[in-house]
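Subject: Structure handover

Hello,

Here is the structure I promised to pass on. Please open it first, then read my notes below.

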Amino acid sequence: MPQVPQTLDALAVRTWCGLALEALGRAREEIDAINVYPVADGDTGTNLYLTVESATAAVEAVFAGYETVTGVGPTGSAASAAVSTAVTGAGLPTLADAVRAMAHGALIGARGNSGTILAQLLRGMAQVLAADGATGGATGGETDGATDGETAHTDGQALRLALRQAADSAREAVAHPVEGTVLTVATAAAEAATGTEGDCGTVACAAYEGARAALMATPGQLAVLERAGVVDAGGRGLLAVLAALAETFTGESPGAGRVAGEVHTRVNGVDGGVDRVDGVGPVDVNGVCVDGRPGEESPAFEVTYLLEAEDADVARLRARLDRLGNSLVVVGGDGLWNVHVHADDAGAAVEAGVEAGRPYRIRITHFGLGDAHTAGAAGRPPRERAQRAVVAVVPGEGLAGLYAEAGATTVLARPGEPPASGELVEAVRRAHAREVVLLPNDADLRHTAAAAAEQARTEGVRVALIPTRSAVQGIAALAVHEPERRFDEDVVAMTSAAGATRYAEVAVAERQSWTMAGICQAGDVLGLIDGDVAVIGSDITATAETVLDRMLAAGGEMVTLVLGDEAPGSIAAHLEARVRESYLAVDTVAYRGGRQGALLLIGVE
């Protein structure tokens with residue numbers, strides 16, 4: 001057996017993250033299959049994997065930064081990085097560097113309810129380990145690690161304290177903690193560790209065994225799990241993470257060579273169904289969703305976003321979101337937070353974030369009508385994929401809420417931060433449908449969207465990509481979307497509606513540039529029609545009126561206005577009056593787009 005560390009240092013953190021990612025990768029589909037609480041949407045394993053993937057990438061980035069600065073070469077794979085703590089020293093990150101990176105990566109990459117809670121668990125551990133690493137160990141260990149640039153190490157006592165802080169902070173982050181969930185498993189792990197003396201390996205193994213026992217008991221604590229005949233999916237994912245922690249220090253998985261504590265149940269009325277705690281097998285679940293507080297009816301949307309805000313503002317945000325919905329989890333600190341809530345009014349949940357600070361990376365998922373998670377009572381049919389869904393890229397929070405309320409799964413594209421193809425693939429998975437219509441709403445995203453569509457097709461999803469070049473074209477397509485008709489007919493109708501919509505935007509020039517309308521200077525107001533600059537002006541409202549007149553000169557029946565946060569407050573009323581007075585039988589509708597980049601989007605159908 002290779003030599004492994006008995007103390008927790010930066011290389012051990014790197015190893016742990018790598019092993020946890022591998023473990024969740026192997027168990028992802030199995031965990032997804034037993035996901036019935038708080039929402040039976042079959043994505044807990046995927047969400048946990050993506051959360052740990054982000055944490056792992058952040059840790060690797062810290063190591064890469066040190067290697068670049070010092071010239072120290074790569075140390076090999078994450079699994080082999082912890083061969084010996086003897087290789088640590090100058091030129092490698094400190095323990096504080098590594099755990100802070102891990103926690104930050106998990107925070108910004110947290111997905112779903114369980115992923116958000118896991119991010120807080122890792123943050124709680126980091127709070128203890130970073131402080132301990134700065135002093136070189138809780139029991140007077142290698143005290144000079146952080147003070148003279150060497151990698152700090154810590155011991156079993158600090159790991160016990162870290163697991164305790166993790167469990168406590170995660171409970172505090174959840175508005176209404178429920179037993180029989182990942183919180184119960186985390187608490188059991190902490191309690192088992194607290195009662196164990198020894199090195200990090202001994203403590204980690206004790207935490208694993210405590211978590212395993214608690215996980216086996218979850219069906220008896222939560223009725224929805226008992227009815228489905230499964231253990232808690234989030235707790236199962238945490239068990240995989242704790243198994244990786246134990247393997248980091250012992251060199252072998254605590255479940256190797258045995259099926260620990262098989263739980264024989266009746267799954268979907270079939271005798272002999274097995275939930276394997278060390279490898280929960282995939283099952284078809286008659287999942288009755290109980291979302292947040294048991295007994296509540298499930299809201300229609302999952303809303304998540306990162307938020308830059310002060311502590312006092314976040315406290316008020318928690319109270320407001322708690323009134324709006326359930327499954328509320330707010331994690332983070334030091335000015336950066338990850339917010340997760342299930343609510344019927346997605347727009348109000350986002351607006352609450354805007355009032356508290358600066359929300360970004362906003363994701364709104366429409367759970368869908370007729371899914372098992374919207375049942376709220378026993379005896380409903382098992383959850384199946386929806387027949388059809390729409391996935392759309394949108395440029396602002398307001399539009400994200402609008403699209404979501406129309407039933408679309410949205411991906412927010414902030415100015416200068418276009419989504420990658422992987423984010424679009426993930427959105428297709430979240431839509432959980434056999435057929436998906438993909439609306440990129442940006443000409444520059446056509447190749448990214450095409451790559452995502454191709455990837456989704458390899459996963460068995462029928463995907464149609466409609467090359468919408470603006471969010472207003474997407475609105476027109478969504479307006480004629482009818483899931484009940486044949487897929488091809490629906491796609492043709494949506495494509496036709498989008499193609500019949502001319503689009504424009506009003507923005508402010510950032511620098512001097514040559515355009516189709518002449519030379520513009522920084523600060524000039526630009527009116528772009530179908531992607532080309534057509535008007536250069538000095539007044540926002542006047543420029544918008546000129547653009548609108550040019551568009552309506554070719555005819556039109558409907559004008560759509562999407563106002564950005566920085567648009568003049570009177571511009572919508574002015575343009576609506578202009579249309580009403582000058583163009584007979586043309587209707588106008590206006591929406592608030594939020595921080596969408598452009599001052600104004602205009603669509604003419």
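Predicted model: local features only at pLDDT ≥ 70, side-chain atom pairs only at ≥ 80, totals over all residues.

Two strands count as paired if DSSP finds at least two bridges between them.

**The hairpin**

Strand β14 covers residues 525-529, and strand β15 covers residues 532-537. The two run antiparallel and are joined by five bridges. Within this pairing, Val525 sits opposite Gly537 of β15. Two residues lie between the strands of the hairpin. Asp530, in the turn, has a positive phi of about 50°.

**The open sheet**

Next, a parallel sheet. Four strands make up this open sheet, in the order β8-β7-β9-β10. At its edges are β8 (409-412) and β10 (462-465), each pairing on one side only. From one strand to the next, the twist averages 20°.

Strand β7 takes in residues 386-394, and strand β9 takes in residues 433-439. Six bridges pair them in the parallel sense. Ala389 stands opposite Val436 in β9. In a regular strand, side chains alternate between the two faces of the sheet.

**Helices α13 and α14**

Helix α13 (residues 421-431) lies across β7, β8 and β9. Its direction is at about 160° to β8. What does α13 meet in α14? Residues Ser421, Leu424, Val425, Val428 and Arg429 of α13 meet Thr448, Ala449, Ala451, Ala452, Gln455 and Ala456 of α14.

Helix α14 spans residues 446-458. The axes of α13 and α14 come within 8 Å and cross at roughly 45°. That angle makes α13 oblique to α14. The crossing of α13 past α14 is right-handed.

**The nonpolar cores**

The largest nonpolar core has 90 residues. Leu8, Val13, Trp16, Met102 and Leu159 have the most contacts inside it. Helix α1 (residues 10-33) gives the largest share of this core, 13 residues.

Which residues is Leu159 in contact with, leaving aside its neighbours within four places in sequence? They are Leu8, Met125, Cys200, Val203, Ala204, Leu245 and Phe249.

Best wishes

Key. Residues numbered from 1 in each chain as written. Heavy atoms only, no water. Axes fitted to C-alpha atoms, helices over the stretch in contact; angles between N-to-C directions. Contact = heavy atoms within 4.5 Å. Core = buried A, V, L, I, M, F, W, Y, C linked by side-chain atoms within 4.5 Å. Buried < 20%, exposed > 50% of the residue type's maximum accessible area, 1.4 Å probe, protein only. Parallel < 35°, antiparallel > 145°, perpendicular 65-115°, else oblique. Left-handed = near helix turned anticlockwise from the far one by under 90°.
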